[in-house]
Amino acid sequence: MVSLGYWFYYSETNEFYAPDILPVLLERESGADSVNADYYFEHFVHPDDREKARQLLHYNPELGEKDYIEFRIVTDDKVKYLRHRVLRESVEKGHRVVEGYVQDVTPIIERYHELEILKYAVNNASEEIFCCSLDGMFRFANRTFLSHHRITDDVAKYSLNDLKEGQYAPDGFEALVDRLRRNGGVLQNTCSYELPDGESITMESMVYLLDDSFSDQKVVWFFCRDVTERVRQGNELKELNRLMEAILDNIPVYLFVKDPNDEFRYLYWNQSFVKHSGIPASQVIGKTDFEIFPNPADAAHFQRDDLELLKRGELPPFEEEYSVVTGQKRIVNTVKMLVPVEERKLPLLMGISWDITERKVIETELLEAKVKAEQSDQLKTAFLANMSHEIRTPLNAIVGFAKILPEITDEMERASIINIIDTNSDQLLMLINDILDLSKIEAGTIEFVDIPANLTDLCQNIYCTLIEKTAPGVQLVFEGAFDNLVTLCDPGRLSQVIVNLITNAIKFTKEGFIRYGYRLREDRVEFYVADTGLGIPEDKLSTIFTRFTKLNSFIAGTGLGLAICRMIVERQHGKIWAESKLGEGSIFRFNFPYRKC
């Protein structure tokens with residue numbers, strides 16, 4: 001609340017005199033120290049408040065110390081809320097002089113209105129919302145909570161422990177608070193209980209331990225949503241699944257059930273399907289074909305068949321082929337049918353498939369699996385040998401220097417050791433990040449979020465990040481071909497590829513330059529990173545984008561960076577390649593489709 005100051009009303013001239021506050025109050029230029037009272041009431045006071053405002057012209061001794069005259073004024077279409085108090089009235093030369101002060105309470109009124117809106121929203125929410133102090137006593141509860149528990153008097157009289165069900169804190173409120181503190185101040189819980197009218201209800205609760213700024217104490221907030229119907233439907237589906245599993249899990253055919261009411265998401269997937277597809281049922285239930293099968297073309301033709309069945313009501317048996325997670329093809333004879341279910345708008349879709357893949361194909365696949373297993377073992381051996389060195393080197397530096405750091409008193413030496421620890425920590429973190437990224441990409445779980453991205457801004461940000469890491473005598477140059485080229489892409493993954501390429505160039509370039517930029521070639525954006533470094537032997541160019549490939553064992557690295565770059569670019573429907581001359585330098589290029597926003 002901003003106190004504007006004192007004012008005087010002179011009946012002789014019918015004017016308010018307030019040189020310090022009128023320019024601020026009425027948003028006039030300085031020097032306007034008085035205003036005619038009638039003019040003030042007519043042109044500034046809100047029409048509905050003018051009668052109230054005229055009380056300022058007289059001192060009323062019946063008003064107490066806390067009795068104020070509040071009204072609104074309007075200046076430049078802005079409404080201000082003012083609080084006045086008439087202090088005294090005197091007579092000078094036969095004329096009345098009224099003295100008072102005014103305060104601008106607009107911020108308070110606006111906050112009050114906001115709180116009223118919030119209060120209305122909270123009280124009319126379908127969720128239970130309530131708050132307790134750390135002794136379990138209620139501080140607030142909305143109408144939904146009060147209605148559920150038939151509380152008609154002041155909720156502040158009650159404690160959470162008074163609720164006989166104990167559903168919100170089954171082990172007691174103190175135990176709940178202790179769990180909140182151990183869990184970072186947040187808990188999620190689902191509980192069932194019986195209302196006073198005998199109805200059973202299931203609530204999903206989010207509980208927060210927060211600071212109360214008014215009392216400098218902690219309070220516990222509960223946000224509880226009624227999920228009874230959702231749980232009921234889930235239990236029904238679980239019961240159906242249990243029944244089908246008990247009967248059908250040992251049938252030597254694929255058996256699956258989809259829900260056309262929910263984008264053909266799977267409700268059931270039997271063990272025979274698990275065995276042949278290699279996809280566990282836990283990774284299938286509640287998902288669509290596009291989220292399950294590795295080949296989008298398979299998912300697309302499954303969906304076409306499902307829609308055709310839903311349209312026609314029946315389909316004859318048909319033969320189809322699909323790819324499993326290993327990439328191998330399987331051929332099956334399939335029958336799909338509709339199964340009406342009560343309380344569902346659309347019937348369920350049930351499918352039965354017989355695997356008819358020829359024995360020769362199976363034997364060939366087993367042989368290929370054996371070869372892949374041997375390759376996997378070799379990669380595992382190479383990986384373990386490489387990682388053993390790459391992890392041990394920075395870890396030894398971190399552990400070793402961390403042990404001697406407390407014994408070092410010289411500040412410059414301490415700073416040097418801390419820098420070594422930081423550098424090796426960054427190297428170890430980069431190694432772990434590379435391994436995680438590679439794992440995600442190979443598992444198909446890495447996410448690409450395409451948004452409009454300004455490529456020049458992106459490249460300039462990379463420049464600011466890497467310029468400090470460039471060796472003395474090496475120029476890092478961004479060659480901007482466009483002021484603003486915006487395309488739809490994942491800027492984070494694009495930055496990851498460019499940074500990896502420039503970082504590699506920094507490792508192998510001791511003098512000269514590192515240039516990078518991009519060009520628009522027809523419908524594709526082509527990036528390049530050129531350096532004057534050591535270069536790459538021609539016979540090694542075909543292998544540098546494979547996993548664990550290192551051309552120089554004496555330079556830190558895992559051999560994963562270029563493999564990750566290739567996978568990211570290919571996932572974005574692009575291509576990456578390199579040109580190099582040993583002893584002269586290298587140029588790495590990659591492209592991807594230009595998608596105009």
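Predicted model: local features only at pLDDT ≥ 70, side-chain atom pairs only at ≥ 80, totals over all residues.
As a reminder, most residues other than glycine have a negative phi. So is Phe264 buried or exposed? With a relative accessible area of 10%, Phe264 is buried, since the cut-off for that is under 20%.

We have five strands in an open arrangement, ordered S13-S12-S16-S15-S14, with antiparallel pairing. At the edges are S13, residues 265–269, and S14, residues 318–323, and each of those pairs on one side only. On average, neighbouring strands here are turned by 35° against each other, ignoring direction.

What packs on this sheet? Helix H7, residues 228–248, does, and it touches S12 and S13. The direction of H7 makes about 40° with that of S13. Then there's helix H10, residues 296–312, which also packs on the sheet and touches S12, S14, S15 (329–339) and S16 (348–355). For H10, the angle with the direction of S14 is about 150°.

Moving along, have a look at helix H11, residues 359–404, where you'll find Leu395. Leu395 is partly exposed, at 38% relative accessible area. Together with Ile391 and Val399, Leu395 makes a nonpolar patch on the surface, and the three have about 210 Å² of accessible area between them.

Next, another positive phi: Glu522, near 55°, again not a glycine. Glu522 is in the loop between S20 (512–521) and S21 (524–531). Buried or exposed, this one? Glu522 counts as exposed, because its relative accessibility is 76% and the cut-off is over 50%.

Last stop, the hairpin of S22 and S23, which has three residues between its strands. Gly583 is in that turn, with a positive phi of about 85°. The two strands, S22 at 575–581 and S23 at 585–593, pair antiparallel over seven bridges. One of the partners to click on is Asn591 in S23, bridged to Lys575.

And the faces of S22? In a regular strand, side chains alternate between the two faces of the sheet. In S22, Ile576, Ala578 and Ser580 make up the covered face. The uncovered face has Lys575, Trp577, Glu579 and Lys581.

Definitions and conventions. Residues numbered from 1 in each chain as written. Heavy atoms only, no water. Pairing = 2+ DSSP bridges. Helix = DSSP H or I, 4+ residues; strand = E, 2+ residues; numbered from the N terminus. Axes fitted to C-alpha atoms, helices over the stretch in contact; angles between N-to-C directions. Contact = heavy atoms within 4.5 Å. Patch = residues over 30% accessible without salt bridge, like charges linked within 9 Å, V, L, I, M, F, W, Y side chains within 5 Å. Areas by Shrake-Rupley, 256 points an atom, 1.4 Å probe, with all protein chains shown as cover. Salt bridge = Lys/Arg side-chain N within 4 Å of Asp/Glu carboxyl O. Buried < 20%, exposed > 50% of the residue type's maximum accessible area, 1.4 Å probe, protein only.
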